[in-house]
Amino acid sequence: MPKKSEKKSKKQKTTKETSDPNKKCSKEFAGIQNKGATCYLNALLQTLYMSNEVKDAVIRLKNKSKLSKKAKQKSIAYQLAVLFQELEVKRTGNTNKITEVLGIDVTKQQDVAEHFRQILNKLAEDGNSLNILQIYRSKLINSLTCSECNNENPENCHLLVIPLPVHLNDCGNSIQSVNAALQDFFKTVILDGDNLCYCDTCQKKTKAKMRYRCEILPQILVLQLKRFEFDYSMKSFKKLHNEVEIPQCLKFQKTQNEKVRKSEWIPYSKKSEESSKALQKQQSSLGPEFDKRSKSKEVKEKQNSQLDGSQRTFTTYKLFATCDHEGEFGFGHYVAHIRPDTSNKWYSFNDTYVSEVENFFPEVRQNNTESMPCRRSSEAYLLMYRKENMNSNQDITNADEGAERIKAQRVHDGKSNYQTETNDRRKMAECEKTEENQMEGLPRKRLKKSSILGCFSG
């Protein structure tokens with residue numbers, strides 16, 4: 001017994017000593033007990049609790065449910081609601097029941113992204129919890145096009161988490177920012193050589209083009225930075241510690257895909273905007289002669305894909321939570337950093353220890369006329385962005401001005417903003433054809449090509 005007490009005291013002391021000096025202990029929020037190696041679960045549960053859309057939906061389900069006592073013990077939605085109500089009254093959370101429902105071995109630390117998917121898919125099994133799943137779900141189309149016959153083979157993908165590489169194995173370079181990682185994820189990939197695909201029309205293996213098209217964006221966008229990869233020289237997994245620039249806001253633009261006659265969302269980039277302006281200037285200088293040539297299909301597609309910025313529709317996301325992993329593959333510690341809906345302050349949730357973090361976004365990146373608050377991190381692993389608004393030619397360079405525009409348009413954060421997304425969710429429900437337990441499957445060809453391997457961090 002003395003040894004156990006001494007070990008516990010040493011652990012608590014280490015946590016406080018290694019805490020950031022910029023953090024101030026906070027009594028506004030409660031922490032969650034660590035049951036052994038459940039820091040990953042605690043960090044994840046805090047992000048769910050601090051998402052008002054999720055918290056309100058879970059508590060409503062608990063109040064409306066008429067489950068038997070035995071059924072309540074097995075319901076993840078009910079157990080989450082009990083935990084959220086404990087945290088609501090600033091009581092230290094207990095996860096005994098949740099770990100039982102999920103079948104978690106509390107002595108083994110596991111991957112936070114994997115258990116995020118597990119909890120949401122478990123919620124979907126409760127039936128009435130499907131609306132919670134749709135808060136996070138994106139609808140993507142994995143498009144595979146034969147280079148010889150141009151026949152497209154689309155595949156629906158419903159993703160709760162979008163995995164982003166932080167390292168490119170084919171060229172050995174590190175990806176420096178989340179924006180660059182998004183551009184890489186949505187870019188067109190040429191499949192040839194060993195990756196040739198069989199074409200039913202051509203009746204043979206041919207070279208193909210593959211890319212993801214995003215048809216529906218979620219209310220909360222979750223990105224996973226793939227920091228764990230297999231090292232073939234060492235024949236083991238390793239963690240990538242390279243720093244990645246994490247922007248406070250992300251911007252997507254809606255474009256029209258003439259080939260499939262559907263709109264899609266693509267990550268906004270300054271480069272694409274400059275390209276659009278250059279095209280517009282070129283069109284103006286060509287005059288009447290351009291109108292004659294624009295009748296060709298190729299030019300029309302180029303026009304539609306590179307419209308003037310004033311004619312485009314944009315939507316923005318603002319970062320409100322991160323789950324950071326400290327340490328190496330096979331061991332380490334998870335900490336959540338969260339910004340509440342009602343505040344611009346950031347807080348660190350380190351098991352039972354909750355503290356305020358000052359200057360969470362210390363850097364401002366200057367890019368021509370764009371000034372974007374951002375931070376660089378070698379530990380950020382899971383990122384959560386909330387949809388802010390959707391306007392034509394909107395500007396996200398000033399967060400305060402953006403908040404005023406949202407308020408003026410009666411589009412608010414949290415629960416109210418979630419209610420404005422009913423039309424998108426209705427469209428999503430009409431398009432769904434896959435079973436719930438298959439929605440997380442990414443095409444194997446893409447994973448193999450980009451060497452993005454899903455794995456657990458210890």
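Author: Axes here are lines fitted to C-alpha atoms, for helices over the stretch in contact, with angles running from 0 to 180 degrees between N-to-C directions. Helices are DSSP runs (H or I, at least four residues), numbered from the N terminus. This is a predicted model, where local features need pLDDT of at least 70, side-chain atom pairs count only at pLDDT 80 or more, and totals for chains, interfaces and linings use all residues. Residues are numbered from 1 along each chain as its sequence is written, and side-chain values use heavy atoms, leaving out hydrogens and water.

Okay, the pair: helix α2 (residues 39-49) and helix α5 (residues 76-88) have axes that come within 11 Å and cross at roughly 80°. That makes α2 roughly perpendicular to α5, a label that covers 65 to 115 degrees. On the α2 side, L45, Q46, L48 and Y49 make the contact (heavy atoms within 4.5 Å), and α5 answers with L80, L83, F84, L87 and E88.

Now the core. A nonpolar core is a set of buried Ala, Val, Leu, Ile, Met, Phe, Trp, Tyr and Cys residues joined through side-chain atoms within 4.5 Å; buried means under 20% relative accessible area with a 1.4 Å probe, protein chains only. In the largest one, with 56 residues, L45, L80, F116, I119, Y136 and M384 touch the most other members. Helix α2 gives the most to this core, eight residues. As for M384, if you skip neighbours within four places in sequence, its contacts include L44, T47, F116, I220 and F320. Apart from that core lies another, of 33 residues, among them C157, A181, L217 and V357.

Technical notes. Helix = DSSP H or I, 4+ residues; strand = E, 2+ residues; numbered from the N terminus. Parallel < 35°, antiparallel > 145°, perpendicular 65-115°, else oblique. Buried < 20%, exposed > 50% of the residue type's maximum accessible area, 1.4 Å probe, protein only.
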